[in-house]
Amino acid sequence: MKTRFEEWIKRIDMACEAMEQVGQTYNGAKNVPKEQFVFLDLLKRIKANLKGCRDMLFELTKLDPEKDNFEKKIPLSILLRSCLADAMVGMYLAPLTKQEFAEELDVINLDFVRYMGSMIPLEIELYNRLSGEKINTQEELDIRYDEFSRFLSSDKGKPWTYHKASVFRGDKTNNKKVDFTFIRKKLIESEIETQAFAYMYNYYRYYSQYEHFTSFGREIWNTEFAEEITRMEMSLISVIHSCYLIAKKLPKATDALLNPFVVVINSIVP
């Protein structure tokens, strides 16, 4: 098992170095198209979490995997979940036309605006309690209104209400959120060569049991690592292969820069 961990450390290092090199080609670039900027952000997030996975695997090489893996297996699984989530978003966005991309990105960003609308009152409530002040929540919402106004159906000075997803799409009958169930369905309906990536959803849901506590979930997160390693390997290759396909959407990502991805993929997939 230690040898398998060491092999994956090398593969992750190669993939992260490739993402680093691709990102560096955009250093100082101006007027980067929104689609490319989003793909770069996704790769940056995945790279950060993959490096966290690498560090956990390195720690596991120093332990007895039959009994000493518990405290490393939980953070590793949560990091893998984050990698899978961003990889699925990237694979969903990658084949879209420029117009479709803009529409779906707005639908994704609508979730952030909802988050802001729910968190600002909570943050103000906490601040007022701690400071003894009486900052007005609506005034704070109004300060941020203009930044998010096109996502809001309410007027300035009123509590925030939000447009439906269909407002941002050409297809006004499509009011579905871009959640991971939706992404799974779209990937299954996609080109044959990318349909397999829909099953990242299975791994994502599995690792969600590490993220969220239930007493029944102990059956999952307390298993021996030997029972988990195949799923971990399938998750990692899915993520790395996704990163390769996402990076291919970037015009500055030459074949030479992407070759480490190909080497990693070919070392696993015959």
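**Entry 1: aromatic rings**

I looked for an aromatic cluster and found one made of Phe112, Tyr115, Phe148 and Trp160. I note here that the model is a predicted one.

I then counted aromatic pairs, and the count came to twelve. I looked up the pair of tyrosine 207 and tyrosine 210: the ring centres are 6.0 Å apart and the planes stand at 45°, so I wrote the pair down as tilted. The cut-offs behind that word are under 30 degrees for stacked and over 60 for edge-to-face, with the rest called tilted.

I checked where these two tyrosines sit. Both are in helix H8, which covers residues 200–211. They are three residues apart, about one turn of the helix.

Are tyrosine 207 and tyrosine 210 buried or exposed? I found a relative accessibility of 1% for tyrosine 207, which counts as buried. Tyrosine 210 has a relative accessible area of 7% and is buried as well. The limit I applied for buried is under 20%.

**Entry 2: a pair between two helices**

Next I looked at tyrosine 244 and phenylalanine 261, which also form a tilted aromatic pair, with 6.1 Å from centre to centre and 50° between the planes. This pair links distant parts of the chain: tyrosine 244 belongs to helix H10 and phenylalanine 261 to helix H11, 17 residues apart. I recorded both residues as buried.

**Entry 3: H10 against H11**

I went on to the two helices themselves. Two packed helices are described by the angle between their axes and the distance between the axes. H10 runs over residues 229–247 and H11 over residues 255–266. I found that their axes come within 10 Å and cross at roughly 150°. Angles over 145 degrees count as roughly antiparallel, and H10 and H11 are therefore roughly antiparallel to each other. I noted the crossing of H10 past H11 as left-handed.

Which residues meet where H10 and H11 touch? From H10 I listed Ile237, Ile240, His241, Cys243, Tyr244 and Ala247. From H11 I listed Leu258, Phe261, Val262, Val264 and Ile265. Sorted by class, this contact has ten nonpolar residues, one polar residue and no charged residues.

**Entry 4: the whole chain**

Last, I looked at the chain overall. I counted eleven helices and zero strands. The C-alpha trace spans about 60 × 45 × 40 Å along its principal axes. Of the 270 residues, 43% count as buried. I also looked up contacts between residues at least 6 apart in sequence, and 68% of them join residues at least 24 apart.

Conventions:
Residues are numbered from 1 along each chain as its sequence is written. This is a predicted model: local features need pLDDT of at least 70, side-chain atom pairs count only at pLDDT 80 or more; totals for chains, interfaces and linings use all residues. Side-chain values use heavy atoms; hydrogens and water are left out. Axes are lines fitted to C-alpha atoms, for helices over the stretch in contact, and angles run from 0 to 180 degrees between N-to-C directions. Helices (H or I, at least four residues) and strands (E, at least two) are DSSP runs, numbered from the N terminus. Angles under 35 degrees count as roughly parallel, over 145 as roughly antiparallel, 65 to 115 as roughly perpendicular and the rest as oblique. A crossing is left-handed if the near helix is turned anticlockwise from the far one by less than a right angle, and right-handed if clockwise. Contact means heavy atoms within 4.5 Å. Ala, Val, Leu, Ile, Met, Phe, Trp, Tyr, Cys and Pro count as nonpolar, Asp, Glu, Lys and Arg as charged, and the others, Gly among them, as polar. Rings of Phe, Tyr and Trp (its six-membered ring) pair if their centres lie within 6.5 Å; planes under 30 degrees apart count as stacked, over 60 as edge-to-face and the rest as tilted. Buried means under 20% relative accessible area, exposed over 50%, partly exposed in between (1.4 Å probe, protein chains only).
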